[in-house]
Amino acid sequence: MNALTYPPHARTYRYDEIDREFLQERIAEFRGQIERRLAGELTEDEFKPLRLMNGLYLQLHAYMLRVAIPYGLLNSAQLRQLGRIARRWDRGFGHFTTRQNIQFNWTKLEDVPAMLEALAEVDMHAIQTSGNCIRNTTTDEYAGATPDEVVDPRVYAEILRQWSTLHPEFTWLPRKFKIAITGSPNDRVAAQVHDVGVLAKRNERGEVGFEIHAGGGLGRTPIIARKLRDWVPEAEFLAYMEAVLRVYNALGQRENIYKARIKILVRDLGDEFTQMVEREYERMPRDRYRLDPEIVAAIGAHFAPPPFASLEDQALHADPEFRQWASASVRAHRQPGYASVTISLKPIGGIPGDASADQMEAVADLAERHSFGEIRVTHVQNLVLPHVRQEDLYALWGGLRAAGLATPNIGLISDIIACPGMDYCALATARSIPIAQRISERFASLDRQHDIGECFINISGCINACGHHHVAHIGILGVDKRGEEVYQVTLGGSATNDAAIGELIGPAFSYDTIVDAVETLITTYIAHRVPGERFIDTYRRVGVTPFKDALYAPA
Amino acid sequence: MSTKAKARPATAPVVFTANRLRDGRVVWLGTAGLWRDAITETVPFAPEAAETGLALARQGERDQHVVGVYAVEVDLAGPTPLKFRERLRVQGPSVAAEAA
Ligand code: SF4
């Protein structure tokens with residue numbers, strides 16, 4: 001039962017009794033499995049698939065519990081509970097990931113049932129955060145708030161969640177499967193590097209439909225997705241998605257882990273893949289999959305606009321420090337008098353995406369006071385308060401400052417994506433976090449960061465690319481060279497509408513020299529840029545050569 | 001669990017590491033087949049005795065005390081793992097904010 005009170009206007013999907021009963025059954029089942037494991041009745045080989053189905057990994061130093069945050073939406077009661085879990089069962093921290101989830105890095109196996117109970121109290125769980133299933137769908141962190149939105153993607157993200165949760169046919173796919181959906185023409189979800197990227201849009205009659213891309217991905221073989229369809233009508237959305245998954249499920253290469261993702265199939269089959277999906281779609285019993293407008297409306301009701309006040313847009317408070325923060329963190333809202341605020345989880349020298357229990361509670365309080373109790377997690381590992389009154393911005397900034405959460409670096413060079421890397425991850429070949437920390441310290445001066453302008457640095461600790469390094473303006477990949485860490489640099493990646501895979505620039509740098517290399521790249525950009533150009537613009541105009549020359553010129 | 005040391009015969013002394021079943025914490029094989037928190041309490045095996053050590057370590061898995069046993073090549077001073085990854089296993093995360 002839901003022991004905690006939800007903020008009344010937070011637009012997160014509310015579980016019904018059936019959902020809650022199901023969760024309780026799953027917890028009871030896993031509790032029994034953990035007890036049998038601890039009693040020695042189950043071996044690790046038997047237990048491992050069971051724990052992974054419940055989001056529990058064994059990492060380098062401890063177990064890690066990955067908790068699903070459906071499409072990155074949280075209400076304040078949920079965030080407060082995550083803070084409580086961090087304090088009680090972890091070391092007082094949680095780590096927000098590029099999949100808009102949260103991970104607890106110091107989980108004890110014996111504590112897991114209690115942690116899952118605490119999650120269930122706020123309708124949360126860790127199911128389907130691992131394994132070869134359809135994972136948490138990610139979406140635009142400014143959904144329902146941004147002026148450029150055409151369709152609210154949360155409605156369809158929730159429909160996808162319900163469709164994919166425990167889908168009997170798709171529990172054992174050839175590999176994991178990640179979907180991103182946006183309802184804005186400006187891609188903020190990296191749609192083209194997902195297994196399926198969906199753009200929800202409207203036709204001239206105002207009807208909703210979907211542009212479907214498939215076969216994108218990062219990892220060992222980074223590929224930009226292929227557009228399968230320009231328009232799938234709303235009613236046919238699930239039928240078409242089902243067809244894509246069926247073709248993949250039937251033909252994906254299960255026997256080779258490096259070739260099992262849908263991107264390899266789409267790349268190898270090309271247009272034939274599209275045709276196969278079309279044929280599957282044609283022969284499907286459409287009526288069975290038809291998305292009923294009443295269901296869409298019922299789910300849509302969960303995401304109705306909160307009760308906005310009728311306000312006018314306002315000028316910002318004159319405090320220059322506040323204005324510097326606002327210029328990076330405050331974003332236009334569709335509702336006059338409101339704004340969206342991005343909260344940086346990237347303090348200078350900090351761990352990207354980490355929040356302490358105190359900070360989670362502080363954000364939950366601020367969300368209740370200023371944003372209808374709603375919080376979003378971004379794939380860049382920050383948080384968003386989607387609906388803040390402009391007249392409250394100054395007070396909100398004060399509250400964030402008190403919690404150490406007012407670093408004004410959103411979109412700037414120290415707003416770095418970094419995966420956990422070798423500091424936590426058992427698969428890592430090198431550390432990521434300390435590289436991010438050192439880069440942010442090197443570029444600590446805010447004036448300098450603002451002068452450099454928008455620049456995305458992403459860091460991964462192995463070729464799995466959880467840090468999305470391929471699609472960064474400056475991508476850094478840590479690899480192992482004879483037992484020591486070295487770092488490869490790629491340039492020119494992008495995760496937005498002009499998605500591109502970065503180009504490997506040359507030999508790798510050592511742990512000690514990688515930060516100097518980044519500095520050299522930035523000074524080269526500054527020397528070549530023309531007014532108004534961002535790093536990526538200059539790179540595209542002048543090409544790789546000046547950067548290469550600067551990095552590898554003989555001393 | 002896979003063991004890198006099994007695939008390639010050890011050329012340096014080895015110690016054995018694993019994660020404790022109950023809480024996942026890193027442990028090291030000490031005397032009398034007991035698993036210890038500190039690498040200083042571990043017992044190194046000469047490269048040619050690595051297989052014997054592995055058999056002893058595996059007993060910990062069979063007894064369901066530990067998970068993911070593998071051999072780690074070390075310099076006997078310390079002992080100190082030769083590879084960076086295992087030095088991190090000894091130290092814990094290198095990142096200050098969460099080190100506890
Ligand atoms: S990129 Fe590699 S090191 Fe980083 S979290 Fe993913 S698997 Fe771990």
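**Exercise 1: The second largest pocket**

The second largest pocket has a volume of about 850 Å³ in this predicted model. Determine which residues and elements line the second largest pocket, and where it lies.

Solution. 
- Step 1. The lining consists of 39 residues. Nearest the centre of the pocket are Val380(A), Gly411(A), Glu454(A), Phe456(A) and Thr496(A).
- Step 2. By residue class, the lining contains 14 nonpolar, 16 polar and nine charged residues.
- Step 3. At least two lining residues come from each of α11 (320-329), β11 (330-332) and α17 (535-542) of chain A. The largest share, three residues, is that of α11(A).
- Step 4. Domain 1 (145-302) and domain 2 (417-552) of chain A both contribute to the lining, so the pocket lies between them.

**Exercise 2: Positive phi values**

Locate Tyr71(A) and Phe372(A), and decide whether each is buried or exposed.

Solution. 
- Step 1. Most residues other than glycine have a negative phi. Tyr71(A), however, has a positive phi near 40°, and Phe372(A) has one of about 55°.
- Step 2. Tyr71(A) sits in the loop between β2 (63-67) and β3 (73-75) of chain A. Phe372(A) occupies the loop between α12 (357-370) and β14 (374-377) of chain A.
- Step 3. Buried means under 20% relative accessible area. Tyr71(A) has 4% relative accessibility and therefore counts as buried; Phe372(A), at 19%, also counts as buried.

**Exercise 3: A cis peptide bond**

Identify the residues joined by a cis peptide bond in chain B.

Solution. 
- Step 1. Gly78(B) and Pro79(B) are joined by this bond, with omega about -10°.
- Step 2. Pro79(B) belongs to the loop between β4 (66-75) and β5 (80-81) of chain B.

Key. Residues numbered from 1 in each chain as written. Chains lettered and ligands numbered in written order. Predicted model: local features only at pLDDT ≥ 70, side-chain atom pairs only at ≥ 80, totals over all residues. Heavy atoms only, no water. 1 Å grid on protein atoms, 1.4 Å probe; cavity = no way out; pocket = protein on both sides within 12 Å on 5 of 7 lines; lining within 4 Å. Points joined across faces, edges and corners; volume = space filled by probe spheres on them. Helix = DSSP H or I, 4+ residues; strand = E, 2+ residues; numbered from the N terminus. Nonpolar A, V, L, I, M, F, W, Y, C, P; charged D, E, K, R; others polar. Domains from an automatic or database assignment. Buried < 20%, exposed > 50% of the residue type's maximum accessible area, 1.4 Å probe, protein only.
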